[in-house]
Amino acid sequence: MPEYTLRIRRYSPESGEAAYWDDFTIDLDGHRSVLDGILQARDRFDGSIGIRCSCRAAICGSCGVRINGKPNLACHTHLEEAAETAPDGAIVVEPMGNMPVLKDLIVDMDAVHWKKIQRVTPWLIPDGEVPEREYVVPPESMIDVTQSMACIQCGACVSDCLSMEVDPLFVGPAALAKAYRFVGDPRDGQHFERLKDLAEDPHGIYDCTHCFNCIEACPKGVAPMSQIMRLRRISSADHDIEDRNNGYRHEHAFVRNIERNGLLHEADLLPHSYGGKFHPRAAPELVESLPVILRALQRGKVTPKKALTHPHKAPTDVKRIFRQIHEQDDRYELNLYVVGYEDEEPAGTEAEQADAAGGQLPEERSPNV
Ligand code: FES
């Protein structure tokens, strides 16, 4: 039986002692999970190791930890896979980040994660008459929210959110993905109110800095950052919500900037985000940004000439892309959970297709969702 070393971070706030690391050698097949390893260490060597778990099948979301520095579900990570990225040969297991530790690998989900979920009114608020029987929803609307519904509330995205590290009040990736679950649901009657609330909140949808960490961290492919971007698009493009955080104008300034220059012309971005170089709203922002502007001038990143003129022009291809987008009546949302289309012609012969589908003929296959 192969042996693995688990290096577990131990910490009990009530003891008053600093955190420390404990090494445990466990023997289990490599395809067994890190959670199995932790439970073996607890059974054999130290019954006081704190770990939260329940389903052991990547469903309940309770065993979120950091393994070799990355958040993941302990029950969903094979020992052999974890050993490959283990520094010094020991699999490092520690509690998730951005949440206070209660004991060893157990974090206080109530203090952060669940509080933020509550913040986004995580239930449906239907509009109009309640139907006599069930609400009938077009299947494509539900496909649209399937991705956010896949969340098992493990907190992995919260653990690695860089915005939350800087601003603990940020509503956060998990809660905002949850918000999209209702904004995308046609049965909900409060889309505008939900979006207005989250756009106006200084810690809301415009507080995300696109670091992509939540997308990488999520073990269920929810891609919380993509849901946040969809909330922004619906808020600004469908509801024209001009928020006090300037998120709406900043996004529009970005688009206009690229449309005009092809590449980002940063000297224009800040003033245009505030209504233009001579807009009264731009002046205080420019004054506040003076130290950064001076540093950029000193290092040659920008010159007065570059700042006042337009060094590049959008190439024809960029203009064509913008023209095509402007001419479209509908905005196409790409739900990454959908991997194909039912009417898409699969590649290869029928026999090859059946082979790839585990012996099923093409017409027997389930929808591509
Ligand atoms: Fe349920 Fe790991 S124990 S997700």
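This is a predicted model: local features need pLDDT of at least 70, side-chain atom pairs count only at pLDDT 80 or more; totals for chains, interfaces and linings use all residues.

Trainee: Why are helix 8 and helix 10 called roughly perpendicular?

Mentor: Helix 8 (residues 191-200) and helix 10 (residues 224-238) pack at an angle of about 105°, and their axes are 10 Å apart. Angles of 65 to 115 degrees count as roughly perpendicular, so the label applies to this pair.

Trainee: Which residues make that contact of helix 8 with helix 10?

Mentor: Leu195, Leu198 and Ala199 in helix 8 meet Leu231, Ile234 and Ser235 in helix 10. The contact divides into 5 nonpolar residues, 1 polar and no charged.

Trainee: What does Leu231 touch beyond four places away in sequence?

Mentor: Its contacts include Leu195 and Leu198, along with Leu176, Ala179, Tyr180, Val183 and Ile205. Leu231 is also among the residues with the most contacts inside the largest nonpolar core, together with Ile38 and Val93. That core has 67 residues, and its largest share, 8 residues, comes from helix 7 (residues 173-183).

Trainee: What makes Arg42 count as partly exposed?

Mentor: Arg42, in helix 1 (residues 34-44), has 17 C-beta neighbours inside 10 Å. Buried requires 20 or more and exposed 12 or fewer, so Arg42 is partly exposed. Leaving aside neighbours within four places in sequence, Arg42 is in contact with Gly47 and Ile49.

Note on methods:
Residues are numbered from 1 along each chain as its sequence is written. Axes are lines fitted to C-alpha atoms, for helices over the stretch in contact, and angles run from 0 to 180 degrees between N-to-C directions. Helices (H or I, at least four residues) and strands (E, at least two) are DSSP runs, numbered from the N terminus. Angles under 35 degrees count as roughly parallel, over 145 as roughly antiparallel, 65 to 115 as roughly perpendicular and the rest as oblique. Two residues are in contact if their C-beta atoms, placed from the backbone, lie within 7 Å. Ala, Val, Leu, Ile, Met, Phe, Trp, Tyr, Cys and Pro count as nonpolar, Asp, Glu, Lys and Arg as charged, and the others, Gly among them, as polar. A nonpolar core is a set of buried Ala, Val, Leu, Ile, Met, Phe, Trp, Tyr and Cys residues joined through C-beta atoms within 7 Å.
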